Amino acid sequence: NLWVFGGIGYGASGASGELNDLWKFNSSTGWVWMSGSKTVNAKGAVSGSAIGPGARQDAVSWLDGSGNFWLFGGRGYDVNGVLCILHDLWKYNTSAGWTFVGGSSVMGTTTGAGGQLGIYGTLNTFDALTLPGSREYSISWTDGSGNLWLFGGEGYDSAGKLGYLNDLWEFSPSQGTAGEWRWMGGSNVASKYSAGYGGLGTPDATYIPGGRLSSLSWTDKSGNFWLFGGEGSAVDGVFGELSGLWEYAPPTSAGGGT
């Protein structure tokens with residue numbers, strides 16, 4: 001089955017705006033409306049009968065090893081109906097519906113600019129308090145163990161500064177009581193350029209792509225992550241459209257990848 005959630009579009013009345021409707025498509029039965037509002041710009045709800053994420057665009061999503069759909073961030077409406085860059089993590093199960101898993105359900109107040117700052121904690125360490133900052137246009141992967149991976153985008157760093165990010169995160173649904181994040185690499189400061197490209201085709205744990213958004217990504221049959229292009233910073237710190245191709249090998253233990 002194919003699934004579609006939200007984005008910018010048209011509600012049932014023909015009004016345009018941001019959507020939070022979830023749809024399933026089956027080649028035999030066609031489309032089925034599964035949840036969310038028929039109207040645009042709907043706010044989110046973390047409890048009650050209408051629980052679910054608010055309308056948004058440019059969020060990231062994953063499918064875990066159990067077939068659950070996950071959603072994080074994007075630009076849209078919080079539980080108070082405020083338009084902002086979001087910080088909320090959601091899980092959708094076909095039997096149970098939506099569950100609010102973590103992050104903040106409201107616009108950030110610490111930055112004064114509409115987003116929650118990142119809490120990076122200790123590198124390579126799962127922690128219930130560790131969280132990526134609010135962001136949009138990020139890149140995502142799912143590994144062979146069903147863990148969720150997040151890279152970069154435009155959002156808020158550890159100091160609440162808005163910019164292009166190059167931080168790499170892993171979320172494990174099996175950690176703790178409701179899953180936990182760990183910061184795996186990159187900078188906790190926004191608008192960082194690449195730490196170095198090194199030798200072509202040569203892995204090194206010190207290399208990482210510069211801050212960027214809207215890249216292409218995929219996972220190969222060996223479980224390695226691939227990243228191409230996007231808009232961001234090259235090795236000289238100049239911003240523009242990128243054409244670099246990167247490969248990341250995820251860790252097989254608590255250590256980092258290459």
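User: Are Arg-182 and Glu-170 buried or exposed?
Analyst: This is a predicted model, in which local features need pLDDT of at least 70 and side-chain atom pairs count only at pLDDT 80 or more, whereas totals for chains, interfaces and linings use all residues. Residues are numbered from 1 along each chain as its sequence is written, and side-chain values use heavy atoms, with hydrogens and water left out. A residue counts as buried when its relative accessible area is under 20%, as exposed when it is over 50%, and as partly exposed in between, with a 1.4 Å probe and protein chains only. On that scale, both Arg-182 and Glu-170 are buried.

User: How many residues apart in sequence are the parts that the pair of Arg-182 and Glu-170 ties together?
Analyst: Strands (E, at least two residues) and helices (H or I, at least four) are DSSP runs numbered from the N terminus, and a salt bridge requires a side-chain nitrogen of Lys or Arg within 4 Å of a carboxyl oxygen of Asp or Glu. Since Arg-182 belongs to strand β15 (residues 180–185) and Glu-170 to strand β14, the parts that the pair ties together are separated in sequence by twelve residues.

User: Which strand holds Arg-135, the partner of Asp-167 in a pair that ties together parts 32 residues apart in sequence?
Analyst: Asp-167 is buried at a relative accessible area of 0%, and Arg-135 is likewise buried, at 1%. Their side chains meet in a salt bridge of 2.8 Å, N to O. Asp-167 sits in strand β14 (residues 162–172), so the bridge to Arg-135 connects parts 32 residues apart in sequence, the strand of Arg-135 being β11.

User: How many salt bridges does the count come to?
Analyst: In general, side chains of opposite charge can pair when their charged atoms come close. Under the rule for salt bridges applied here, the count comes to four.

User: In which loop does Asp-88, the partner of Arg-56, lie?
Analyst: Arg-56 and Asp-88 are both buried. They form a salt bridge whose closest N and O atoms are 2.8 Å apart. This pair links distant parts of the chain, 32 residues apart, with Arg-56 in strand β4 and Asp-88 in the loop between β8 (83–85) and β9 (89–93).

User: How many charged residues are in the lining of the largest cavity?
Analyst: A cavity is a set of points on a 1 Å grid over the protein atoms alone where a 1.4 Å probe fits but cannot get out, and its lining residues have an atom within 4 Å of a point; points are joined across faces, edges and corners, and the volume is the space filled by probe spheres set on them. The search finds one cavity of 30 Å³ or more, and about 30 Å³ of space lies in the largest cavity, whose lining residues include Arg-56, Asp-78 and Asp-88. Ala, Val, Leu, Ile, Met, Phe, Trp, Tyr, Cys and Pro count as nonpolar, Asp, Glu, Lys and Arg as charged, and the others, Gly among them, as polar. By these classes the lining has four nonpolar residues, three polar ones and, as charged residues, three.

User: What is the order of the strands in the open sheet of three strands?
Analyst: Two strands pair if DSSP finds at least two bridges between them. Strand β2 (residues 16–26) and β3 pair in the antiparallel sense over five bridges, and Phe-25 stands opposite Trp-31 in β3. The sheet of three strands is open, its pairing is antiparallel, and its order is β1-β2-β3.

User: Which residue of β9 stands opposite Phe-69?
Analyst: Four strands form an open antiparallel sheet in the order β5-β6-β9-β10. The edge strands β5 and β10 each have a single partner, so one side of each is left without a neighbour in the sheet. Within the sheet, four bridges join strand β6 (residues 69–72) to β9 in an antiparallel run. In β9, the residue opposite Phe-69 is Tyr-92.

User: What is the phi of Asp-58 near?
Analyst: Asp-58 is located in the loop between β4 (56–57) and β5 (60–63), and a relative accessible area of 27% makes Asp-58 partly exposed. Although Asp-58 is a residue other than glycine, its phi is positive, near 60°.

User: How far apart in space are Tyr-207 and Gly-11, C-alpha to C-alpha?
Analyst: Tyr-207 is found in the loop between β15 and β16 (212–213), where a relative accessible area of 27% makes Tyr-207 partly exposed. Tyr-207 and Gly-11 are 196 residues apart in sequence, and their C-alpha to C-alpha separation in space is 44 Å.

Notes:
On a 1 Å grid over the protein atoms alone, a cavity is a set of points where a 1.4 Å probe fits but cannot get out, and a pocket is an open set with protein on both sides within 12 Å along at least five of seven lines; lining residues have an atom within 4 Å of a point.
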